[in-house]
Amino acid sequence: MARRQPRRGMTLVETLMVVGIISLLVQLLLPAVQAAREAARRVQCDNKLRQLALACQTHVDTQKHFPTGGWTHTWVGEPERGFGRRQPGGWCYNLLPFLEEKPVHELARGTTGADKRARLRTMTETPVAAFVCPSRRAVQAFPFRRDGSLVNADNPDVCGRSDYAANIGDAVPVDQRAAGPKTWEEGLAWDDGSLAEAAWVAARHSGVMFQLSRVAPRHITDGLSKTYLLGEKFLPPEEYESGYSFGDDQALYVGFDRDQSRSTHRLHPPLRDRTAPRVWLKDRDDETVLDWNFGSTHHQSLGMASCDGSVRRVGYDVDPVVHERLGNRADGQIVQPE
């Protein structure tokens, strides 16, 4: 009779070798998988920028000007106040009807007194997906860090935020020089532009959406495709959810503030998100004040939308002069985007 050969199993050494090979393959593939996921999120981010830019185009079609930057951070948007200088809310609030978010925009319509203040608080607490970069954070509300600051709404504990900011131009930004009215009566001077501070603001800002702005395409003489409209904003990674960055402590529904506004001045080049000091020094022209920089969590580049609705990737190594000129709508120094 033929003798049976004994069945031979894997030795411990062979098992460990297989496990080691599999582990090595996983380590080799993981960066590629992560890169593919980040590339997909970057495409999503660009699509959101394009969505916001197209909503601005629709706003122009209906209102004849780009969204206003609103009054200041102590006011949130109100539906009965229209889309011009009478509107205290900023560009994010004014875009809601053109982003299929009209119910949020209209939440307080037809109400008065305590009911209106409560409804405006509810609006302030509501996050909107169109304003959130998928690589940075989830679509949720985050802590509101300006207790007692709102004039026309009950102050919330949490609020929706924006990862995108409007181009205010190439001037050195001065935070809240025009502090804004404290009452509706004071707001009358802002409605007609007679307030001296309002005139100062209009003369200073060379961008497209800023405090009390009402910029129409005809005002962008350097060319719609050669002028920034909005883009991703810089934010330190440790402050993504904390609300302690001075450029990310407010709701997306407030008027003009560094939370939704950025400068292209050469002191504020675009940056990839990194740890930064918490600095709030009024009127300080200093590169350490990073709350006014465009920027992103993405590798190598950030997304910027132009006034013609196009979206491009801008490298963090972009020529500071080119970046600065693209922020000015009418200086006559026309540059080609890199």
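Trainee: Where does Thr126 lie, and how do you know that this is a loop?

Mentor: Thr126 falls between helix H4 (113–124) and strand S1 (142–143). Helices (H or I, at least four residues) and strands (E, at least two) are DSSP runs, numbered from the N terminus. The model is predicted: local features need pLDDT of at least 70, side-chain atom pairs count only at pLDDT 80 or more, and totals for chains, interfaces and linings use all residues. Residues are numbered from 1 along each chain as its sequence is written, and side-chain values use heavy atoms, with hydrogens and water left out.

Trainee: Why does Thr126 count as partly exposed?

Mentor: Buried means under 20% relative accessible area, exposed over 50%, and partly exposed in between (1.4 Å probe, protein chains only). Thr126 has 25% relative accessibility, so partly exposed is the term.

Trainee: What is Thr126 in contact with, leaving aside neighbours within four places in sequence?

Mentor: Val104, Gly160 and Tyr253, where contact means heavy atoms within 4.5 Å. Thr126 and Gly160 are 34 residues apart in sequence, yet their C-alpha atoms are 5.2 Å apart.

Trainee: Why is Leu28 called exposed?

Mentor: Leu28, in helix H1 (residues 12–63), has 57% relative accessibility and therefore counts as exposed.

Trainee: What makes S5 and S9 stand at the edges of their sheet?

Mentor: The open sheet has five strands in the order S5-S3-S4-S8-S9, with mixed pairing. Strand S5 (261–262) and strand S9 (311–315) each have a single partner strand, so one side of each lacks a neighbour in the sheet. Two strands pair if DSSP finds at least two bridges between them; S8 (residues 301–306) and S9 have five, in the antiparallel sense.
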